[in-house]
Amino acid sequence: MLTGTAICAPLTGMMLTGCSEQVKKAAPLTSPLGFFSADEFQLLSQVMDVILPKTDSPSASDVKVNYIVDNMFGQAYPADYQKKFTGLFAELKVFLMDKKFLTLSAQQQESVLLSLETLPEEQRNNAYWAYIDIKQQTVAFYLSTEEIAENYLNYLPIPGEFKPCVSLAELGGKAWAI
């Protein structure tokens, strides 16, 4: 619930202020990093690309989710959440570096993350919680990117009539964009 709140509150605020002058003056997504070090950012990007790899749709880093997360931590999330995540991420980094994560094949990287994700409840540690936090943010921000929303999900820039019970087949087999 805390992760959901941490993701939804800033995301909602950013979406509601999307037309403001302040946002228009914001640095482009490829600007220097605001929260993660270069090494941490590389690791984060690789983890995100294992979570959402390039298939018939772009990978997480292809649509700049890694920069969005860096920007959110650097500018939107409260200091106490930043501090908590920094500690969790440090343990995830140690776990992944012990496994030589960056040098593994994509399939081996997936196995490492799956082993972490499927830890029994009594063995869940800070590395687990950092990974779950990253995974939730990766999926949420990925689905809300312009590229994915407009090209891979049903997308209506201006909402129309509300139809509460519509089958996926009636929608062309695609879920709605966020």
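**Close-up views of helix packing and a loop residue**

**View 1. Contact of H3 with H5.** Glu40, Leu43, Leu44 and Val47 of H3 meet Phe89, Lys93 and Leu96 of H5, contact meaning heavy atoms within 4.5 Å. By class, this contact of H3 with H5 comprises five nonpolar, no polar and two charged residues (Ala, Val, Leu, Ile, Met, Phe, Trp, Tyr, Cys and Pro count as nonpolar, Asp, Glu, Lys and Arg as charged, and the others, Gly among them, as polar). The model is predicted: local features need pLDDT of at least 70, side-chain atom pairs count only at pLDDT 80 or more, and totals for chains, interfaces and linings use all residues. Residues are numbered from 1 along each chain as its sequence is written, and side-chain values use heavy atoms, with hydrogens and water left out. Helices (H or I, at least four residues) are DSSP runs, numbered from the N terminus.

**View 2. Packing angle of H3 and H5.** Helix H3 (residues 38–51) packs on H5 at an angle of about 75°, their axes lying 11 Å apart; axes are lines fitted to C-alpha atoms, for helices over the stretch in contact, and angles run from 0 to 180 degrees between N-to-C directions. H3 and H5 are therefore roughly perpendicular to each other (65 to 115 degrees).

**View 3. Packing of H5 and H7.** Between helix H5 (residues 79–98) and helix H7 (residues 126–143) the angle is about 110°, with the axes 7 Å apart. H5 and H7 are therefore roughly perpendicular to each other. The residues of their contact divide into 11 nonpolar, two polar and two charged.

View 4. Ser61 lies in the loop between H3 and helix H4 (65–76). Ser61 has a relative accessible area of 18% and is buried (under 20% relative accessible area, 1.4 Å probe, protein chains only). Not counting residues up to four places away in sequence, Ser61 touches Asp49 and Asn66.

Key. Helices (H or I, at least four residues) and strands (E, at least two) are DSSP runs, numbered from the N terminus. Angles under 35 degrees count as roughly parallel, over 145 as roughly antiparallel, 65 to 115 as roughly perpendicular and the rest as oblique. Buried means under 20% relative accessible area, exposed over 50%, partly exposed in between (1.4 Å probe, protein chains only).
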